[in-house]
Amino acid sequence: MPHTQRYHCTMLNSILHGTVTNKPSLLIVHGLYGSARNWGVICKRLCDERQVVAVDLRNHGQSHWTDSHSYPEMAEDLAEVIASHGGQMDVIGHSMGGKAAMMLALTHPDMVNRLIVADIAPVPYSHSQIQFIEAMRAVNFDRVERRSDVEAQLAEAGVEPALQSFFTQSLDIPNKGWRLNLDTLARHMPDIMSFPETDAQSQGPTLFLSGGTSDYVRREDRETILARFPSARFAKIPGAGHWLHAEKPREFEANARAFLNA
């Protein structure tokens with residue numbers, strides 16, 4: 001069945017938490033298959049001191065669908081959001097969103113005040129996420145009345161419970177589909193797993209915050225990181241994996257708050 005393409009390339013869908021204060025507003029950028037809604041807990045806690053803006057990246061959530069999905073394009077999407085909120089923000093980006101946030105800081109350094117990169121490095125990765133697209137594509141929506149029906153089908157496809165819960169946050173039950181442009185994401189998986197070659201640098205304060213049990217940011221990546229982000233600092237959350245903000249929300253919040261307020 002052909003997928004309906006949506007080409008209204010308006011600004012990214014965003015969810016605002018709190019009001020503007022004397023502290024810089026904070027932009028939160030989710031990872032692959034995620035959405036602004038995934039970050040609700042963190043947003044609600046951090047908005048006590050500053051306005052927090054969580055976005056749906058292109059081809060995710062309520063944002064526009066496109067035929068392309070590259071980090072330079074995602075960086076420009078984020079720049080447009082920041083421009084509409086005064087021209088400079090603090091930024092937190094996780095995984096794919098962390099790469100988009102790094103690209104933003106490298107191409108628009110004046111727009112990013114402080115940057116937190118959650119469990120990702122500006123390097124290519126080999127662990128493709130294509131198997132999850134196959135699992136989501138295989139869902140038979142004729143057998144779906146509620147979210148648990150999709151979770152059951154994902155379980156049959158071998159998707160672990162935590163990821164079933166995560167993926168089904170992007171369900172569009174009334175329209176019998178996903179709020180994810182699976183076709184474009186599948187086609188551009190090599191772009192998503194890589195990172196653009198660039199000599200650009202971002203001198204701004206940057207924290208690479210990783211899960212203690214995750215292998216996404218390795219010691220051997222530090223030379224590459226410091227070449228792009230010379231003032232980078234590194235921290236780990238013990239006992240957390242790649243989904244550190246979901247696994248250890250209190251610790252993630254504490255680390256983020258300390259760095260943003262430094």
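What follows is a short chat about a predicted model of one protein chain.

Me: What are we looking at, a predicted model or something else?
Reply: A predicted model.

Me: OK. How many helices and strands does the protein chain have?
Reply: The protein chain has 11 helices and nine strands.

Me: What is its radius of gyration, and what would a compact globule have?
Reply: The protein chain has 18 Å. A compact globule with 262 residues would have a radius of gyration near 18 Å, so the two agree.

Me: And what box do the C-alpha atoms fill?
Reply: Roughly 50 × 35 × 35 Å, taken along the principal axes.

Me: What share of the residues count as buried?
Reply: Of the 262 residues, 53% do.

Me: What about contacts between residues 24 or more positions apart?
Reply: They account for 75% of the contacts with a separation of 6 or more.

Me: Switching to charges. How many are positive and how many negative?
Reply: There are 25 positive and 30 negative charges. Their mean positions are 6 Å apart.

Me: Now the inside. How many residues are in the largest nonpolar core?
Reply: That core has 62 residues. Leu27, Tyr33, Phe167 and Trp178 have the most contacts inside it.

Me: Which helix gives the largest share of this core?
Reply: Helix α3, residues 96–107. Eight residues of the core come from there.

Me: What does the second core include?
Reply: The second core is separate and has 21 residues. Among them are Ala36, Cys43, Ile116 and Ala256.

Me: Back to tyrosine 33. Where does it lie?
Reply: In the loop between β2 (26–29) and α1 (40–46).

Me: Is tyrosine 33 buried or exposed?
Reply: Tyrosine 33 counts as buried, because its relative accessibility is 2% and buried means under 20%.

Me: What about its phi?
Reply: The phi of tyrosine 33 is positive, about 70°, although tyrosine 33 is not a glycine. Most residues other than glycine have a negative phi.

Me: What is the phi of lysine 176?
Reply: Lysine 176 has a positive phi of about 55°, and it is not a glycine either. Lysine 176 is in the loop between β6 (171–172) and β7 (177–178). At a relative accessible area of 39%, lysine 176 is partly exposed.

Me: Where is threonine 66?
Reply: In the loop between β3 (52–55) and α2 (71–84). Threonine 66 counts as buried, at 5% relative accessibility. The C-alpha atoms of threonine 66 and asparagine 181 are separated by 8.1 Å, though the two residues are 115 apart along the chain.

Me: Last one. Which strand holds arginine 233?
Reply: Strand β9, residues 232–237. Arginine 233 counts as partly exposed, at 45% relative accessibility.

Me: And which residues is arginine 233 in contact with?
Reply: Arg114, Thr206, Leu207, Phe208 and Phe259, leaving aside neighbours within four places in sequence. Leucine 209 is 24 residues from arginine 233 in sequence and 8.4 Å away in space, C-alpha to C-alpha.

Key:
Residues numbered from 1 in each chain as written. Predicted model: local features only at pLDDT ≥ 70, side-chain atom pairs only at ≥ 80, totals over all residues. Heavy atoms only, no water. Helix = DSSP H or I, 4+ residues; strand = E, 2+ residues; numbered from the N terminus. Rg over C-alpha atoms; globule rule 2.2 N^0.38 Å. Buried < 20%, exposed > 50% of the residue type's maximum accessible area, 1.4 Å probe, protein only. Contact = heavy atoms within 4.5 Å. Lys, Arg positive; Asp, Glu negative; His and termini not counted. Charge placed at Lys NZ, Arg CZ, Asp CG, Glu CD. Core = buried A, V, L, I, M, F, W, Y, C linked by side-chain atoms within 4.5 Å.
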